[in-house]
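Subject: Structure handover

Hello,

Here is the structure I said I would pass on. My notes on it follow below.

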Amino acid sequence: MAVCGAGKTELLFPSVAEALSSGGRVLIATPRKDVVLELAPRIRRVFPEARVIAVHGASAEKWEESDITIATTHQVMRYHRRFLLVVLDEADAFPYHNNPVLYRALARAVHDTGKLLYLSATPPLYLQKRLVSNDRSKSASSAALPLASATHVLLPGRYHGKPLPVPEILTIKGLHKRVRTKRAVPQMTNAVKRSLDAERQVFVFVPRIDDVDVVLAYLQKAMPDRSEQMAGVHASDPLREEKVLAFRNRRYTLMVTTTILERGVTIPKSDVLVVGAEAPVFDEASLVQIAGRVGRSFDDTAGSVLFLQAERAAATKLAVRQISRMNQLAKKLAEAGGDNA
């Protein structure tokens with residue numbers, strides 16, 4: 001387990017290098033196409049001598065030979081005993097989480113002499129129990145996990161040594177009606193203006209696809225001079241890839257999005273706003289991941305995270321508690337002069 005922005009990808013590099021030097025192949029499986037597309041060029045830069053391919057539903061490289069394959073979790077079903085090292089990124093995320101078919105597919109992709117490595121900032125409880133106790137009998141879900149011999153490492157701090165930004169929670173009665181009718185929600189608009197005035201980019205997360213256009217229209221009306229710099233995106237958007245790339249390239253400075261961008265997307269100098277944080281789709285793990293978009297780079301280790309909710313919710317409190325707990329643990333380890341354990 002490693003907190004968001006701990007440098008999990010970079011920590012993989014020695015293991016990847018070892019597998020390649022042994023003549024083996026490497027598979028990095030991740031839940032979403034967006035993450036595959038972000039990881040592929042990063043891995044190519046680090047391993048320029050290796051053949052790296054990106055495999056997802058629309059990929060033209062599905063059947064090509066490679067040294068390193070970066071694939072969505074469903075594409076892993078193509079492989080049998082092929083990889084000396086298999087890495088599952090975001091082990092807690094849909095569609096892998098609680099999916100026995102994908103559990104078995106992942107295990108089947110590992111070579112007989114290979115190793116399987118799980119990465120997660122928010123591992124589900126059953127996986128935590130299995131990794132700590134090596135007990136296979138906890139639940140039907142955990143029974144399918146391919147953990148013949150397991151160990152675990154906890155990284156409570158980020159690679160740059162600065163604490164995780166702790167979210168602020170604000171409860172606003174009638175929040176959604178105010179947004180739909182374009183009535184003033186100063187807590188929202190003021191937060192966005194502060195970020196944009198500081199030349200930062202803003203993720204605005206909403207719970208449902210229908211909310212994307214509603215919140216985007218509200219913000220564009222509230223800040224007409226910046227409206228062309230704003231966009232919205234969701235999983236079924238035909239321009240999804242182009243919009244995300246434009247956001248990375250700062251053509252857009254604000255992106256209203258569903259949870260499709262909660263993981264694996266790094267935008268330097270960015271802040272986060274969640275509108276409707278009480279919605280069931282925003283559970284503790286999701287909110288921790290969303291907050292983890294902020295303060296990830298060396299040159300920008302801070303930033304703001306604001307959870308706006310129409311009513312009090314347990315998940316927002318739990319997310320703040322988890323982030324604060326990791327910060328406290330990282331601080332104790334640093335004061336003791338110890339390493340993450």
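Helix 7 passes helix 8 in a right-handed crossing, meaning that the near helix is turned clockwise from the far one by less than a right angle. Helices (H or I, at least four residues) and strands (E, at least two) are DSSP runs, numbered from the N terminus.

This is a predicted model: local features need pLDDT of at least 70, side-chain atom pairs count only at pLDDT 80 or more, and totals for chains, interfaces and linings use all residues. Residues are numbered from 1 along each chain as its sequence is written, and side-chain values use heavy atoms, with hydrogens and water left out.

Helix 7 covers residues 186-197 and helix 8 covers residues 209-222; they pack at about 70°, with axes 11 Å apart. Axes are lines fitted to C-alpha atoms, for helices over the stretch in contact, and angles run from 0 to 180 degrees between N-to-C directions. Helix 7 is therefore roughly perpendicular to helix 8 (65 to 115 degrees). M188, T189, V192 and K193 of helix 7 meet Y218, L219 and A222 of helix 8, where contact means heavy atoms within 4.5 Å.

Five strands form an open sheet in the order 2-3-1-4-5, with parallel pairing; two strands pair if DSSP finds at least two bridges between them. Strand 2 (52-55) and strand 5 (110-119) are the edge strands, each pairing on one side only. From one strand to the next, the twist averages 15°.

Strand 1 (residues 26-30) and strand 4 (residues 83-89) run parallel and are joined by four bridges. I28 stands opposite V87 in strand 4.

Regards

Definitions and conventions:
Angles under 35 degrees count as roughly parallel, over 145 as roughly antiparallel, 65 to 115 as roughly perpendicular and the rest as oblique.
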